[in-house]
Amino acid sequence: MNRIVKEHYPASRLPEDLRQGVDPTAIVTVTIVEEEGLPQRSATLDEIFALRQPPFRTPEEIDAELRRHRDEWDD
């Protein structure tokens, strides 16, 4: 059985569903225990995208950055 413990973790960084009823300025201990005996399932693409960490960039922001780099090459 896998167990992960994060002590002194800011409650404000918890996922929204775990923050309910917790003071956002509090410091908490988070314990994650992998449950045994439950069937494993593959994550959907939507679930994987939902787990991404910021910063997110829009296609327009990525295009603008590429244009800036190309303009630098022309100098």
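Read along the sequence, the protein chain follows the pattern β-α-β-α-α, which amounts to 3 helices and 2 strands. These elements are DSSP runs numbered from the N terminus, a helix being H or I over at least four residues and a strand being E over at least two. The model is a predicted one, in which local features need pLDDT of at least 70 and side-chain atom pairs count only at pLDDT 80 or more, while totals for chains, interfaces and linings use all residues. Residues are numbered from 1 along each chain as its sequence is written, and side-chain values use heavy atoms, with hydrogens and water left out.

**Confidence**

The predictor's confidence in each residue is given as pLDDT, on a scale from 0 to 100. The protein chain averages 88, and 97% of the residues score at least 70. Confidence is highest in strand β2 (residues 27-33), with a mean of 95, and lowest in helix α2 (residues 45-50), with a mean of 84.

**Overall form**

The radius of gyration of the protein chain is 20 Å, whereas a compact globule of 75 residues would have a value near 11 Å. This radius is taken over C-alpha atoms, and the globule rule is 2.2 Å times the number of residues to the power 0.38. Along its principal axes, the C-alpha trace spans about 55 × 35 × 20 Å.

Of the 75 residues, 4% count as buried. Buried means under 20% relative accessible area, exposed means over 50%, and partly exposed lies in between, with a 1.4 Å probe and protein chains only. The accessible surface comes to about 7300 Å², and 53% of it belongs to carbon and sulfur atoms. Such areas come from the Shrake-Rupley method with a 1.4 Å probe; for residues, only the protein chains shown count as cover.

A contact means heavy atoms within 4.5 Å. Among contacts between residues at least 6 apart in sequence, 37% join residues at least 24 apart.

The chain carries 10 positive and 17 negative charges, whose mean positions are 1 Å apart. Lys and Arg count as positive and Asp and Glu as negative, while His and the chain ends are not counted. The place of a charge is taken as NZ of Lys, CZ of Arg, CG of Asp or CD of Glu.

**Individual residues**

H8 lies in strand β1 (residues 3-10). Its phi is near 60 degrees, a positive value in a residue other than glycine. H8 counts as exposed because its relative accessibility is 65%.

The loop between β2 and α2 holds S42; R41 also has its place in the loop between β2 and α2. S42 is exposed because its relative accessibility reaches 65%, and R41 is exposed because its value is 60%. I48, by contrast, is found in helix α2 and is partly exposed, with a relative accessible area of 44%.

| Pair | Separation along the chain | C-alpha distance |
|---|---|---|
| S42 and H8 | 34 residues | 31 Å |
| I48 and Q20 | 28 residues | 23 Å |
| R41 and R19 | 22 residues | 26 Å |
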